[in-house]
Amino acid sequence: MKNILFLLLFLSTSMFATAQQNYQKVEAKSGDGIFTLLRRHGLNYSEHAAQFLELNRENLGKNNSLIIGKTYLLPLKTTETGTAATEANTAKAGSTATASSARVLNVPLFGPKHARVEVKDQQLSGAVFYVSAGHGGPDPGAIGKYGSHSLSEDEYAYDVSIRLARALMEHGATVYMITQDPDDGIRDESILKMDRDEVHYPNKPIPLNHKQRLRDRTDVVNGLYGKHKGAYQRMLAIHIDSRSKSQKIDVFFYHHENSAAGKKLAETIHQTFTSKYKRYQPNRAYSGSVSERSTLYVVKNSLPPTVFIELGNIRNDLDQRRFVIPSNRQALANWICEGLLTDYNSSKGK
């Protein structure tokens with residue numbers, strides 16, 4: 001018995017030592033950040049950032065900056081785990097744990113202030129969501145003027161989307177951010193700076209060609225959909241509309257004409273918004289609507305039931321308050337999340 005125990009201990013120690021030796025050592029160059037370093041060596045930032053931080057904690061500078069000339073260990077490449085948001089939802093990226101199996105998650109994509117996600121409950125355990133912010137990369141989408149500032153659709157749709165992803169994870173959901181910005185995270189500023197560094201999950205450049213961009217997104221979603229066969233799966237496409245500056249609109253929803261589940265989801269989120277407006281803005285009616293729009297590419301071609309959400313008119317002064325005030329962006333995310341919770345609970349056992 002003692003010999004068996006010794007052999008097991010020896011084997012586990014040897015395996016640990018071998019794993020330690022497998023870490024590749026690289027030197028940080030001028031201009032390197034964690035994102036740049038990982039990408040140069042073929043590693044996905046969203047999958048490996050948390051593990052990189054864990055491995056190199058003692059050699060990092062202020063705000064986790066890299067020090068030129070320092071040697072850093074690269075994480076081991078891992079197979080995709082199908083876990084939430086960025087595949088890095090535990091203290092170490094690449095873990096096989098899912099969002100529903102950890103009490104506290106570390107998701108670097110959410111930014112330093114919001115990366116730590118406490119799982120409050122398991123109400124959405126087993127549910128899989130695909131959250132896709134419109135446009136991004138070379139395409140900013142609709143542009144509105146706010147005083148001397150320009151507001152771009154992609155930045156504000158992304159901030160609501162990533163807040164939504166975080167809220168869903170707090171309830172144990174598996175969430176894939178289809179559009180990702182490795183630098184922005186959740187932002188609490190009113191004016192969100194425009195950039196073009198967004199990528200498609202897991203780390204693919206966003207093409208300029210409009211149709212190719214939409215095809216890439218639906219291909220990603222449909223590929224992941226097959227991996228979660230049998231689960232409750234829903235796709236959310238988040239956009240901001242552009243109309244005449246004088247036209248104020250409320251949040252409205254599109255679904256496919258042949259998708260009963262998509263229609264139900266759109267109506268459920270719409271009902272949530274209606275009740276919230278009655279509570280928080282009782283002196284005005286909520287005019288948001290639900291309608292069919294089967295010709296929209298992502299609505300037509302995504303395999304999971306899909307809801308296309310327009311958050312308002314980016315050119316209208318009153319609608320802009322819905323976007324430029326950070327607490328309003330959080331409210332939008334929370335209300336959509338609440339609608340998803342209701343839809344999921346009503347779908348159980350069906």
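View 1. Histidine 171 counts as buried because its relative accessibility is 12% (buried: under 20% relative accessible area, with a 1.4 Å probe and protein chains only). This residue is found in the loop between α4 and β8. The side chains of histidine 171 and aspartate 121 are joined by a polar contact of 2.8 Å (a pair of N or O atoms within 3.5 Å, one able to donate a hydrogen and the other to accept it; residues adjacent in sequence count only if both atoms are side-chain atoms). Beyond neighbours within four places in sequence, the residues in contact with histidine 171 include Cys337 and Leu341 (contact: heavy atoms within 4.5 Å). The model is predicted, with local features requiring pLDDT of at least 70 and side-chain atom pairs pLDDT 80 or more, while totals for chains, interfaces and linings use all residues. Numbering starts from 1 along each chain as its sequence is written, and side-chain values use heavy atoms, without hydrogens and water.

**View 2. The open six-stranded sheet.** The strands follow the order β8-β5-β12-β15-β13-β14, with mixed pairing (two strands pair if DSSP finds at least two bridges between them). β8 (174-177) and β14 (290-292) each have a single partner strand, so one side of each lacks a neighbour in the sheet. Parallel strands β12 (residues 232-241) and β15 (residues 306-313) are joined by six bridges; methionine 235 has threonine 306 of β15 as its bridge partner.

**View 3. Helix α8 and its N-terminal cap.** A side-chain oxygen of asparagine 316 lies 3.0 Å from the backbone nitrogen of leucine 318, capping the N-terminal end of α8. Within this helix (residues 317-324), Asp319, Gln320, Arg322, Phe323 and Val324 are buried. Helices (H or I, at least four residues) and strands (E, at least two) are DSSP runs numbered from the N terminus.

Key
Buried means under 20% relative accessible area, exposed over 50%, partly exposed in between (1.4 Å probe, protein chains only).
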